[in-house]
Amino acid sequence: MRLGLFNGNLKTIIMAVKNTETGEVHIGYKGGETGCGFDTSASHWVYSNERITCDRNGCKN
Ligand SMILES: [Zn+2]
């Protein structure tokens with residue numbers, strides 16, 4: 001559970017963070033990591049309720 005996500009059968013709310021420099025939306029949370037491994041502690045990461053747009057492993061699934 002390193003991302004704080006539930007990976008069971010239940011569809012649960014997935015936290016998303018946006019990189020405001022690239023506009024890309026990833027799975028993850030502020031102060032942690034995105035699903036694909038970016039460190040989100042920098043100030044250009046913000047919480048987002050947009051659809052995940054990152055294609056990398058860990059975010060797209
Ligand atoms: Zn990602």
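Ala-16 has Ile-27 as its bridge partner in strand E2, and in strand E3 its bridge partner is Ser-48. Strands here are DSSP runs of E with at least two residues, while helices would be runs of H or I with at least four residues; both are numbered from the N terminus. This is a predicted model, in which local features need pLDDT of at least 70 and side-chain atom pairs count only at pLDDT 80 or more, while totals for chains, interfaces and linings use all residues. Residues are numbered from 1 along each chain as its sequence is written.

**The sheet**

The chain has three strands and zero helices, and reading along the sequence gives the pattern β-β-β. The three strands form an open, antiparallel sheet in the order E2-E1-E3. Two strands count as paired if DSSP finds at least two bridges between them. Strand E2 (25–27) and strand E3 (45–48) are the edge strands, each pairing on one side only. From one strand to the next, the twist averages 40°; for such angles, axes are lines fitted to C-alpha atoms (for helices, over the stretch in contact), and values run from 0 to 180 degrees between N-to-C directions.

Strand E1 covers residues 16–19 and pairs with E3 in the antiparallel sense over four bridges. The antiparallel pairing of E1 with E2 has three bridges. E1 and E2 also form a hairpin, with five residues between them, and Gly-23 in the turn has a positive phi of about 80°.

**The nonpolar core**

Which residues make up the largest nonpolar core? Its eight members are Ala-16, Val-17, Val-25, Ile-27, Trp-45, Ile-52, Cys-54 and Cys-59. E1 and E2 each supply at least two residues of this core. A nonpolar core is a set of buried Ala, Val, Leu, Ile, Met, Phe, Trp, Tyr and Cys residues joined through C-beta atoms within 7 Å. A residue is buried if 20 or more other C-beta atoms lie within 10 Å of its own, exposed if 12 or fewer, and partly exposed in between, with C-beta atoms placed from the backbone. In soluble globular proteins, nonpolar side chains tend to be buried together. Across this chain of 61 residues, buried residues make up 25%.

Ile-27 lies in strand E2 and counts as buried because it has 22 C-beta neighbours inside 10 Å. Val-17, also listed in the core, has contacts that include His-26, Tyr-29, Thr-40, Trp-45 and Tyr-47, leaving out residues up to four places away in sequence. Two residues are in contact if their C-beta atoms, placed from the backbone, lie within 7 Å.

Is Lys-18 buried or exposed? Lys-18 counts as buried, because 22 C-beta neighbours lie inside 10 Å. Lys-18 sits in strand E1, with Val-46 as its bridge partner in E3. Beyond its neighbours within four places in sequence, Lys-18 is in contact with Val-25, Val-46, Ser-48 and Glu-50.

Glu-33 belongs to the loop between E2 and E3. With 18 C-beta neighbours inside 10 Å, Glu-33 counts as partly exposed. Gly-28, Phe-38, Asp-39 and Thr-40 are the residues that Glu-33 touches, not counting those up to four places away in sequence.

Thr-53 is in the segment after E3. Thr-53 counts as partly exposed because it has 16 C-beta neighbours inside 10 Å. Thr-53 touches Glu-24 and Val-25, again not counting residues up to four places away in sequence.

**Distances across the chain**

| Residue pair | Separation in sequence | C-alpha to C-alpha distance |
|---|---|---|
| Thr-53 and Val-25 | 28 residues | 5.1 Å |
| Ile-27 and Cys-59 | 32 residues | 5.3 Å |
| Lys-18 and Trp-45 | 27 residues | 5.5 Å |
| Glu-33 and Val-17 | 16 residues | 9.5 Å |

For the chain as a whole, residues 24 or more positions apart account for 41% of the contacts with a separation of 6 or more.
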